[in-house]
Amino acid sequence: MAGELVLLDFWPSPFGMRSRIALAEKGIPYEYREEDLRNKSDLLLQMNPVHKKIPVLIHNGKPVCESVIQVQYIDEVWHDKAPLIPSDPYQRAVARFWVDFIDKKIYELGSKIWKTKGEEQANAKKEFIECLKLLEGELGDKTYFGGESLGYVDVALVPFYSW
Amino acid sequence: MAESNVKVLGTWASPFVMRVKIALHLKSVRYEDVEEDLLAPKSELLLKSNPVYKKIPVFFHAHNPICESLIILQYIDEVWTTSASSILPSDPYERSQSRFWAAYVDDKFFPALRRLLIGATEEDKKAALEEVVEGTVVLEGAFGELSKGKAFFGGDNIGFVDIALGSLLGWIEVIGKQCETKLVSEAKTPRLVQWADCFSAHEAVKDVLPDVDKLADFGLKLRAKILKALAPTN
């Protein structure tokens with residue numbers, strides 16, 4: 001089941017962090033390989049020809065691309081250790097919804113705040129805070145979005161905290 | 001098999017709604033079809049059940065609303081497991097591949113298609129057309145990998161990627177006619193052409209895909225509405 005596991009990544013990437021956290025939470029050993037994004041390796045271009053982006057998780061020579069897909073893959077293959085995704089189908093759908101929301105909104109708005117100025121930046125900040133309020137509502141009184149332990153939504157969101 | 005408390009809030013023209021209906025047909029699940037008029041102000045039910053995005057489809061099961069079509073598909077697949085047709089593969093690696101390509105359809109292909117529909121200038125349309133055609137070639141390659149010589153992305157049966165992409169076929173045809181081009185062409189994507197015929201003719205699909213002329217007419221109205229909303233106000 002373990003086999004050979006390699007993660008092609010770039011240390012500041014919040015997307016790469018998601019996979020690192022999932023693997024660490026489950027105690028799964030892997031080889032971390034730092035990519036120079038200005039000079040992408042042949043391996044990266046070969047393993048992710050469609051998007052040419054990190055992170056890429058390579059399991060027994062086969063690539064899994066897109067961090068959200070990687071976290072689900074990790075959770076399904078190593079399902080007996082520290083499950084991240086709820087087992088109830090409705091709770092799963094809710095968790096997937098919020099992870100999708102984080103991908104659509106948090107990253108995009110965060111980027112806008114980082115890269116723009118003036119009115120565009122002000123609007124992005126306002127919308128960003130609204131999104132955080134929605135996530136705050138979803139978290140409620142729980143310790144984690146996943147309840148008592150780290151879950152799928154926590155793994156997807158927490159890397160953005162540093163940024 | 002009649003199911004109580006299964007409802008789809010959507011519209012006949014939306015490919016995202018079509019995805020949900022195709023999945024329910026595959027699983028032989030009966031549902032209540034609630035139509036939302038996209039050209040009118042949003043209904044109370046929509047605003048209440050999808051407060052975050054205020055978009056269709058919204059799927060209701062036992063009064064629980066679920067939003068986002070690909071999430072709904074996975075939910076349907078996980079709840080109605082007694083049926084012969086599994087929408088996602090059982091192998092984790094194959095599942096990851098299906099998810100990857102469905103995400104490609106939603107994150108890359110569909111936005112380019114949309115830009116082609118609503119493109120205001122010739123330049124916008126030309127750029128969007130190039131992207132769409134490039135996308136079809138990439139998807140032709142994906143079909144080769146995933147189908148393993150069978151009729152569908154899902155192999156012998158319709159699967160996740162078939163539904164994600166196939167639901168766009170009506171719009172692909174309408175937008176193609178508008179640009180006077182076949183977007184899925186025999187020359188560049190022969191396998192997709194064949195796949196499109198198989199998919200459209202499938203029992204679970206044929207009554208869901210809309211009449212192309214009706215869709216074209218709707219497309220013009222939708223385009224006008226979108227462009228009006230995007231136009232700068234004085």
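User: Why are strand β1 and strand β2 of chain A said to pair?

Analyst: In this predicted model, 4 bridges join β1 (residues 5–9) to β2 (residues 31–34) of chain A, and the two strands run parallel. Pairing requires at least two bridges, so these strands qualify. Within the pair, Leu7(A) stands opposite Tyr32(A).

User: What makes the crossover from β1(A) to β2(A) a β-α-β crossover, and what is its handedness?

Analyst: Between the two strands the chain passes through helix α1 (residues 14–25) of chain A, and the crossover is right-handed. Helix α1(A) lies across β1, β2 and β3 of chain A, at about 150° to β1(A).

User: Why are β2 and β4 of chain A called edge strands?

Analyst: The open sheet of 4 strands has the order β2-β1-β3-β4 in chain A, with mixed pairing. Both β2 and β4 (62–65) pair on one side only. Neighbouring strands are turned by 25° against each other on average, direction ignored.

User: How do you know that β3(A) and β4(A) pair, and in which sense?

Analyst: Strand β3 (residues 56–59) and β4 of chain A share 4 bridges in the antiparallel sense. At least two are needed, so they count as paired. Here Val56(A) stands opposite Cys65(A).

User: How many residues of the lining of the largest cavity are nonpolar, polar or charged?

Analyst: The lining divides into 9 nonpolar, 1 polar and no charged residues. Among the lining residues are Phe109(B), Trp195(B) and Thr136(B). The cavity has a volume of about 50 Å³, and α8 of chain B supplies the largest share of its lining, 3 residues.

Key
Residues numbered from 1 in each chain as written. Chains lettered and ligands numbered in written order. Predicted model: local features only at pLDDT ≥ 70, side-chain atom pairs only at ≥ 80, totals over all residues. Heavy atoms only, no water. Right-handed = clockwise from strand over helix to strand, strands pointing away. Axes fitted to C-alpha atoms, helices over the stretch in contact; angles between N-to-C directions. Contact = heavy atoms within 4.5 Å. 1 Å grid on protein atoms, 1.4 Å probe; cavity = no way out; pocket = protein on both sides within 12 Å on 5 of 7 lines; lining within 4 Å. Points joined across faces, edges and corners; volume = space filled by probe spheres on them. Nonpolar A, V, L, I, M, F, W, Y, C, P; charged D, E, K, R; others polar.
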